[in-house]
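Open the model in your viewer and keep the selection tool at hand. This tour goes from one selection to the next and says what is there.

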Amino acid sequence: MERTSSRDPRRRSLEHRRQSASGSSRAVSATRRRRRRRARPFSPLTVRSARINMQDMATATSIEWTETTWNPVRGCARVSPGCMNCYAERMAHRFSGAGMPYEGLTRRTSGGPRWTGRMTLVPEAVSAPLSWREPRLVFVNSMSDLFHDDVPDAFIKAIFWTMKEARQHRFQILTKRADRLAEIGPKLDWPENVWMGVSVESDQYTWRIDRLRGTPAAVKFLSLEPLLTALPSLSLHQIDWVIVGGESGPNARPMKAEWVRDIRRRCRTSGVPFFFKQWGGVRKSATGRLLDGREYNEMPRGRDERSRRLQVRRGEEAERELRAS
Ligand code: SF4
């Protein structure tokens, strides 16, 4: 790094100005680069002409609060401490060999797999939900973040177009890039069947919820997972649904029961449905989903028959497991 070394105050000030100017021009060119990436064209015609053979673009999932995942974008980059043990990064690495869907998107490091920072758009997947007849709860981009800087505005608009057309489904989008969400939100057409959520892993990131509140999404939800701290700043004003979960997998960081109970109490006070996903840990099947002896599978209230059925199904599964144990 260049240092200011002169003892002459006038020269020092000149050097300082030169350094600040180059720093700010670096920032300006980064902003320009970002704008250029976001402005890349994407033709909705591609979407409309790619409606055939899309059944396999949906993946059944074991994620407790949804039914299907849909991934028209692949790849990501870490953005905050919640990403430290990113499940998608590990999973993508397993499919990153030559000719595989995540080729070039992850690399091996001494600390385990890492995203390379490259993203892949999958235009042929954009219209896939239009061909799924049976209504589903669909988690959008479980293996990426739709609001990543490298996803062009036009591509995001195409995804929203599909969600509006595929009105038989309910779509759940989750992001940590709440600033971009706030920026692009007013330019999007928000159909009733889109549920928008932000991830918040610690009290330092509750500002993301403010960005979410600013969107016109019909259902606004929070994924407090992996929960890494208590959330004393949490406000549930205008929030329709809260999911809480501990981190799972290798190097999982612990979650305290008192943090979870406090969030449950806030949900009860504010009348917000509460979904307890898991305690997590290295083996999440060993720690389970019970909080004070029961499961919490609540879904956004009165929204639709589909989410009510999922809630009933999760309840039945819980009962079967209890009987079997
Ligand atoms: S934003 Fe999500 S997908 Fe991207 S690195 Fe972080 S946890 Fe992983």
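A nonpolar core is a set of buried Ala, Val, Leu, Ile, Met, Phe, Trp, Tyr and Cys residues joined through C-beta atoms within 7 Å. Keep that in mind for the second stop. The model is predicted.

**Whole chain.** Start with everything shown. The chain has 325 residues, and 36% of them are buried. Its secondary structure consists of nine helices and twelve strands. Among contacts with a separation of 6 or more, 68% are between residues 24 or more positions apart.

**The largest core.** Select Ile 159, Leu 222, Leu 224, Val 242 and Ile 243. The largest nonpolar core has 59 residues, and these five touch the most other members. Now select residues 153-165, which form helix α4; this helix gives the most to the core, with six residues.

Stay with Leu 222 for a moment. Leaving out residues up to four places away in sequence, Leu 222 touches Gly 197, Val 198, Val 200, Ile 209, Ile 239, Val 242 and Ile 243.

**Helix α4.** Go back to α4 and look along its length. It has 13 residues and reaches 18 Å from its first C-alpha to its last, close to the 18 Å expected. Colour its buried residues: Phe 155, Ile 156, Ala 158, Ile 159, Phe 160, Thr 162 and Met 163.

**Helix α7.** Select residues 257-270. Helix α7 has 14 residues and spans 20 Å between its first and last C-alpha, close to the 20 Å expected at 1.5 Å a residue. Which residues of α7 are buried? They are Val 260, Ile 263 and Cys 267. Turn the view to look down the axis: the buried residues of α7 fall within an arc of 65°, so they line one face of the helix.

Just after the helix, select Gly 271, which takes a positive phi of about 70°.

**The ligand.** End here. Around the ligand are Cys 76, Arg 78, Val 79, Cys 83, Cys 86, Ala 88, Glu 89, Ser 144, Asp 145 and Lys 176. Coloured by class, this shell shows five nonpolar, one polar and four charged residues.

Conventions: Residues are numbered from 1 along each chain as its sequence is written. This is a predicted model: local features need pLDDT of at least 70, side-chain atom pairs count only at pLDDT 80 or more; totals for chains, interfaces and linings use all residues. A residue is near a molecule or strand if its C-beta atom, placed from the backbone, lies within 6 Å of it. Ala, Val, Leu, Ile, Met, Phe, Trp, Tyr, Cys and Pro count as nonpolar, Asp, Glu, Lys and Arg as charged, and the others, Gly among them, as polar. Helices (H or I, at least four residues) and strands (E, at least two) are DSSP runs, numbered from the N terminus. The expected span of a helix is 1.5 Å times one less than its number of residues. A residue is buried if 20 or more other C-beta atoms lie within 10 Å of its own, exposed if 12 or fewer, and partly exposed in between; C-beta atoms are placed from the backbone. The arc is that of the directions from the helix axis to the C-beta atoms. Two residues are in contact if their C-beta atoms, placed from the backbone, lie within 7 Å.
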